[in-house]
Amino acid sequence: PSSKLKGQKDWEKFEKARKLKGCVGPIRDQYLLDFKSKEMRIRQRAVALYFIDKFALRAGNEKDTDEAADTVGCCSLRCEHIKLHEELDNQKYVVEFDFLGKDSIRYYNRVPVEKAVFKNLKIFMEGKEPGDDLFDRLDTSSLNAYLKELMDGLTAKVFRTYNASITLQDQLDKLTNPDDTIHAKLLSYNRANRQVAILCNHQRAVPKTHDKAMETLQNK
């Protein structure tokens, strides 16, 4: 029964991602327009949505209650979690992310962004301390409430599923040939999956029992 329930949930998750494919264009057009909104609240929402869509960041508020670590998501980023570079490695408008995400897994990335995003981030950080919220007029609940207005059942998580699926399909199209052997196709699939893992920052978390196990080994 539990596996059947999980299968049902997975099916629903991917069905929402399929539905998003049909309306993601207008949603992206809108957040690009919102970069120049007169309301700072709307600008912050637009930039956060850009991060979630472009870089597959989790929205946040997914902290394990047993976890004491200072983990954050997109909506709970603080100013200390990003650095802005006008130019870096011959690329303009680069944002450097460095924070602990879900399961205390470090997210580190340096990515070029739209000029409007870069300029907005500078505005969001003006007069703030490193420990202050980057998006001080946004939280995950209000972001998801807005997304549900755009599409029934749409949340920030659906963007991750959608972009992971698109990335996998694009990579498979590039890497596979119908005449390939089974071994070659499997290799291509694993390489495509690797690109999805990079996009979503999928890494193995250190088990919660790790410290206890190490202590036991040292005491032997």
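Contact here means heavy atoms within 4.5 Å. The structure is a predicted model. On that basis, R45 is in contact with D34, L138, L143 and Y146, leaving aside its neighbours within four places in sequence. R45 belongs to helix 3, which spans residues 40-55. Its relative accessible area is 13%. Buried means under 20%, so R45 counts as buried.

D34 and R45 form a salt bridge through their side chains, with an N to O distance of 3.9 Å. D34 sits in helix 2 and R45 in helix 3, so the bridge joins distant parts of the chain, 11 residues apart. Both partners are buried.

Two other contacts of R45, L143 and Y146, lie in helix 5, where they are buried along with T140, N144 and L147. Viewed down the axis of helix 5, the buried residues fall within an arc of 155°, and therefore line one face of the helix. An α-helix has 3.6 residues a turn, so residues three or four places apart point the same way. The other side of helix 5 carries the exposed residues S141 and E149. Cover for the buried residues comes from elements that include helix 2, helix 3 and helix 6. At the N-terminal end, helix 5 is capped by D139. A side-chain oxygen of D139 lies 3.2 Å from the backbone nitrogen of S141.

Leaving aside neighbours within four places in sequence, F51 is in contact with A56, L57, C74, F97, V117, L121 and F135.

Salt bridges were then considered across the model. The whole structure holds 11 of them. Besides the D34 and R45 pair, E86 forms a salt bridge with K122, the closest N and O atoms being 3.0 Å apart. E86 lies in strand 1 (residues 82-88) and K122 in helix 4, so this pair ties together parts that are 36 residues apart in sequence. Both residues reach solvent in part. E86 is partly exposed, with a relative accessible area of 44%. K122 is likewise partly exposed, at 40%.

Salt bridges that share partners join D70, R78 and E80 into one network. R78 is buried, because its relative accessible area is 16%. E80 counts as partly exposed, because its relative accessibility is 42%.

Conventions. Residues are numbered from 1 along each chain as its sequence is written. This is a predicted model: local features need pLDDT of at least 70, side-chain atom pairs count only at pLDDT 80 or more; totals for chains, interfaces and linings use all residues. Side-chain values use heavy atoms; hydrogens and water are left out. Helices (H or I, at least four residues) and strands (E, at least two) are DSSP runs, numbered from the N terminus. Buried means under 20% relative accessible area, exposed over 50%, partly exposed in between (1.4 Å probe, protein chains only). A salt bridge is a side-chain nitrogen of Lys or Arg within 4 Å of a carboxyl oxygen of Asp or Glu. The arc is that of the directions from the helix axis to the C-beta atoms. A polar contact is a pair of N or O atoms within 3.5 Å; within protein, one must be able to donate a hydrogen and the other to accept it, and residues adjacent in sequence count only if both atoms are side-chain atoms.
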